[in-house]
Amino acid sequence: MSRFDKKLAAGEGVVGTFSHLGGPAVAECLSLSGLDYVIIDTEHGPFLDESTGEMIRAIELHSAEAFVRVRDSSRAAVLHALDLGARGIIVPDVQSVEEARRLVEYAKYYPLGARGFAFSRSAEYGFLPELKQIGDYFTATNQRTILMPQCETAGALEHIEEIAALDGIDGIFVGPYDLSVALGAPAQFATPRFAEALSRVIAACRASGKLAFIYANTMPEARAYFAQGYQGAAIGTDTAFLVKAIQGMLQT
């Protein structure tokens, strides 16, 4: 078990960040830092598939798990990230239960879904010993692959209980900024309506035995989310950490 899995199994919160800087050296340094997971952000970052694959390989050299926030909910975006070897994917802008069902179809092998099979990196280019029993390989891969739609739209929040309950959905990742926009109060995180939305996501995930992850700006903010019941927090971005570290150095 990786540190990520051990901490979740022990009921501890896992901490990651979003990578926007790009490049395998950056990805490797993030994995060396003590983070539990790193999210390669292909929604807002400048990454194409080839550079995403290099970053996944670099993250795997050390202690973190490699996640990809895919650019959209298309089959190609989901399949490419998983074939490149991502441990899990985070899917932005999910609007409906039907869209979440399609994500399961794209991300999970038979019998949960209809993920296309190929001798890709995730299968060690066809030389993975487990491939001798393809059914067992499908089962193990389905269990290991973490599929998390984002709750950041009015449609996702309205149907969060149904989405979280879908077989093949492994968790929900809350995007607080876009969710606050969907609630009509951009970046206002202290409103009762926003607090109710966060509690609703936790309740939906608990009821279905799924993971609840969220973006946080700081570690104290992440700890507060853990206390509420979230199991994972992605804190900030590598770009922000770089700027803040240099600013802090210049002020000493």
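Modeller: Let us begin with Pro 111, which sits in the loop between helix H5 (97–107) and H6. Keep in mind that this is a predicted model.

Colleague: What is the peptide bond from Tyr 110 to Pro 111, and what is its omega?

Modeller: That bond is cis. Its omega is near 5°.

Colleague: Where is Glu 124 found, and what is its phi?

Modeller: Glu 124 also has its place in the loop between H5 and H6. Its phi is near 50°. That is a positive value, in a residue other than glycine.

Colleague: Why is Glu 124 called partly exposed?

Modeller: Its relative accessible area is 43%. Buried means under 20%, and exposed means over 50%. The value of 43% falls in between, so Glu 124 is partly exposed.

Colleague: What about Tyr 125: where is it, and what is its phi?

Modeller: Tyr 125 lies in the loop between H5 and H6. Its phi is positive, about 55°, although Tyr 125 is not a glycine.

Colleague: Why is Tyr 125 called partly exposed?

Modeller: The relative accessible area of Tyr 125 is 48%. Exposed needs over 50%, so Tyr 125 stays partly exposed.

Colleague: Now the cysteines. How many disulfides does the structure hold?

Modeller: The count is 0.

Colleague: Is Cys 205 buried or exposed, and what makes Cys 29 count as it does?

Modeller: Cys 205 has a relative accessible area of 1%. The limit for buried is under 20%, so Cys 205 is buried. Cys 29 has 52% relative accessibility. The limit for exposed is over 50%, so Cys 29 counts as exposed.

Colleague: On to the pockets. How much space lies in the largest pocket, and which residues lie nearest its centre?

Modeller: The largest pocket holds about 520 Å³. Its lining has 19 residues, and Gly 85, Ala 86, Ser 122, Thr 141 and Arg 144 lie nearest the centre. Strand E3 (65–69) and helix H6 (134–144) are the elements that give two or more residues to this lining. H6 has the largest share, with 4 residues. By class, the lining has 7 nonpolar, 4 polar and 8 charged residues.

Colleague: Where is Gly 85, and why does it count as buried?

Modeller: Gly 85 is in the loop between helix H4 (75–83) and strand E4 (88–91). Its relative accessibility is 18%. Buried means under 20%, so Gly 85 counts as buried.

Colleague: Which residues is Gly 85 in contact with, leaving aside its neighbours within four places in sequence?

Modeller: Those contacts are Ile 56, Glu 60, Arg 121 and Ser 122. Gly 85 and Arg 121 are 36 residues apart along the chain, yet their C-alpha atoms are separated by 6.1 Å.

Colleague: What lines the second largest pocket?

Modeller: That pocket has 14 lining residues, with Phe 18, His 44, Arg 69, Tyr 177 and Tyr 215 nearest its centre. About 200 Å³ of space lies in it. Helix H9 (residues 176–182) gives the most to the lining, 3 residues. The classes are 5 nonpolar, 5 polar and 4 charged.

Terms used. Residues numbered from 1 in each chain as written. Predicted model: local features only at pLDDT ≥ 70, side-chain atom pairs only at ≥ 80, totals over all residues. Heavy atoms only, no water. 1 Å grid on protein atoms, 1.4 Å probe; cavity = no way out; pocket = protein on both sides within 12 Å on 5 of 7 lines; lining within 4 Å. Points joined across faces, edges and corners; volume = space filled by probe spheres on them. Nonpolar A, V, L, I, M, F, W, Y, C, P; charged D, E, K, R; others polar. Disulfide = S-S within 2.5 Å. Buried < 20%, exposed > 50% of the residue type's maximum accessible area, 1.4 Å probe, protein only. Contact = heavy atoms within 4.5 Å.
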